[in-house]
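Me: I would like to learn how to read a few features of a structure. Can we take them one at a time?

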Amino acid sequence: MSSSVPDYLGEDLTQQARDFISSLPREKGWLVSQMYQYQGRWHTPALLQGILNCQKHFQAKDSDIILVTNPKSGTTWLKALVFALLNRHKFPVSSSSGDHPLLVTNPHLLVPFLEGVYYESPDFDFSELPSPRLMNTHISHFSLPEPVQNSACKIVYCCRNPKDMFVSLWHFGKKLAPEETADYPIEKAVEAFCEGKFIGGPFWDHVLEYWYASRENPNKVLFVTYEELKTQTGAEVKRIAEFLGCGFTGEEEQVEEIVKLCSFESLSNLEVNRQGKLPNGMETKALFRKGEIGGWRDTLSESLAEEIDAKMEKKFQGSGLKFSC
Ligand SMILES: Nc1ncnc2c1ncn2[C@@H]1O[C@H](COP(=O)(O)O)[C@@H](OP(=O)(O)O)[C@H]1O
Ligand SMILES: C[C@]12CC[C@@H]3c4ccc(OS(=O)(=O)O)cc4CC[C@H]3[C@@H]1CC[C@@H]2O
């Protein structure tokens with residue numbers, strides 16, 4: 001395996017997790033030898049151990065903010081934007097000051113990844129985080145720890161059009177594990193993605209659960225899309241801030257500065273994101289590729305794109321959810 005392989009591809013599990021996981025349905029993974037199905041979703045062994053620990057130990061606070069995404073749907077960007085907007089009084093964003101945490105720290109180090117932390121350091125003390133605690137997860141709505149469901153904590157869900165998300169994951173996987181992915185045909189990966197047997201999948205169910213939750217409980221779950229974030233970043237940042245109870249009033253300049261600081265061009269060119277490595281072993285530059293809408297066109301053939309579109313049409317039919325790109 002390459003040197004940038006994150007710990008999450010490993011299988012350094014506790015005996016308890018190993019025993020439990022061994023009873024679950026399994027399938028050969030793309031990057032890992034086995035993926036396991038738990039509560040309807042497919043996971044790597046490491047992230048599954050993290051989810052199990054999180055379900056068992058995480059205690060929510062009413063003031064918590066949890067960012068939820070499918071992998072490769074804008075997690076890094078959303079972490080940066082929400083960190084910047086929540087901390088705008090403590091760390092004002094201005095082009096003239098060079099000491100904002102996001103200028104020297106990768107967003108993943110500022111916002112903990114719940115199942116990742118629960119895998120790597122199961123005894124991590126989340127109560128030490130400053131309030132409001134800002135965290136992220138890829139856990140499905142159904143599998144969220146009970147205290148998250150039962151407390152007043154807020155969830156911001158960001159979804160991306162499935163073709164771009166798939167293509168982003170495809171290239172990311174190739175960077176993470178070039179040897180394991182070299183002979184894996186994209187046709188097979190698209191088929192597995194459409195069948196739902198891909199990391200965190202089925203993608204469709206993940207999106208739909210949060211979509212309906214946001215409609216049933218709009219004060220608890222805010223649904224945003226990568227595409228709207230990209231085309232109207234400032235308006236979406238304001239909408240997120242309103243939802244979180246810290247709306248901008250007469251701070252147009254701050255909004256613009258946050259948008260600029262967190263843009264793809266700005267973050268991807270920072271030294272910390274070009275050269276850094278996360279503690280889990282992942283190179284930070286792997287988190288930034290093109291940052292575009294519709295970039296799938298240079299990777300997916302027409303027939304593969306149609307395969308994903310047909311599945312999306314079928315799954316999202318009647319839900320009110322639509323992606324036009
Ligand atoms: N500041 C930013 N603005 C827009 N897109 C960003 C971004 N930072 C990262 N991305 C893009 O978001 C995707 C990664 O998602 P995640 O953070 O969930 O892993 C990648 O998409 P591409 O591979 O299509 O370029 C990456 O380039
Ligand atoms: C969740 C994650 C992005 C996806 C990374 C990943 C992708 C594909 C994998 O192979 S397989 O399960 O389909 O065989 C495994 C992984 C493991 C690490 C995943 C990353 C951890 C944090 C990123 O957001």
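**Ligand contacts and local geometry**

Reply: This is a predicted model. In it, a polar backbone atom of Trp 30 lies 2.6 Å from an oxygen atom of ligand 2. Val 32 also has a backbone N or O atom 3.1 Å from an oxygen atom of ligand 2. From the side chain of His 138, an N or O atom is 2.8 Å from an oxygen atom of ligand 2. The protein covers 96% of the 500 Å² of accessible area that ligand 2 has on its own.

Me: How many nonpolar, polar and charged residues are in the shell around ligand 2?

Reply: The shell has eleven nonpolar residues, three polar ones and no charged ones. Of the 14 residues around ligand 2, those that come nearest are Tyr 8, Trp 30, Leu 31, Val 32 and His 138.

Me: At what angle do helix α8 and helix α10 pack?

Reply: Two packed helices are described by the angle between their axes and the distance between the axes. Helix α8 (residues 162-176) and helix α10 (residues 186-195) pack at about 130°, and their axes are 11 Å apart. The two helices are therefore oblique to each other. The crossing of α8 and α10 is right-handed.

Me: Which residues does a cis peptide bond with omega about 0° join?

Reply: Most residues other than glycine have a negative phi, and most peptide bonds are trans. Gly 201 and Pro 202 are joined by a cis peptide bond with omega about 0°. Pro 202 is in the loop between α10 and α11 (203-216). The peptide bond from Ser 131 to Pro 132 is also cis, with omega near -5°. Pro 132 sits in the loop between α6 (114-120) and β5 (134-137).

Me: Where does Gln 39 lie?

Reply: Gln 39 is in the loop between β2 (35-38) and β3 (41-43). Although Gln 39 is not a glycine, its phi is positive, about 50°.

Notes
Residues are numbered from 1 along each chain as its sequence is written. Chains are lettered from A and ligands numbered from 1 in the order in which they are written. This is a predicted model: local features need pLDDT of at least 70, side-chain atom pairs count only at pLDDT 80 or more; totals for chains, interfaces and linings use all residues. Side-chain values use heavy atoms; hydrogens and water are left out. A residue is near a molecule or strand if one of its heavy atoms lies within 4 Å of it. A polar contact is a pair of N or O atoms within 3.5 Å; within protein, one must be able to donate a hydrogen and the other to accept it, and residues adjacent in sequence count only if both atoms are side-chain atoms. Accessible areas come from the Shrake-Rupley method with a 1.4 Å probe; for residues, only the protein chains shown count as cover. Ala, Val, Leu, Ile, Met, Phe, Trp, Tyr, Cys and Pro count as nonpolar, Asp, Glu, Lys and Arg as charged, and the others, Gly among them, as polar. Axes are lines fitted to C-alpha atoms, for helices over the stretch in contact, and angles run from 0 to 180 degrees between N-to-C directions. Helices (H or I, at least four residues) and strands (E, at least two) are DSSP runs, numbered from the N terminus. Angles under 35 degrees count as roughly parallel, over 145 as roughly antiparallel, 65 to 115 as roughly perpendicular and the rest as oblique. A crossing is left-handed if the near helix is turned anticlockwise from the far one by less than a right angle, and right-handed if clockwise.
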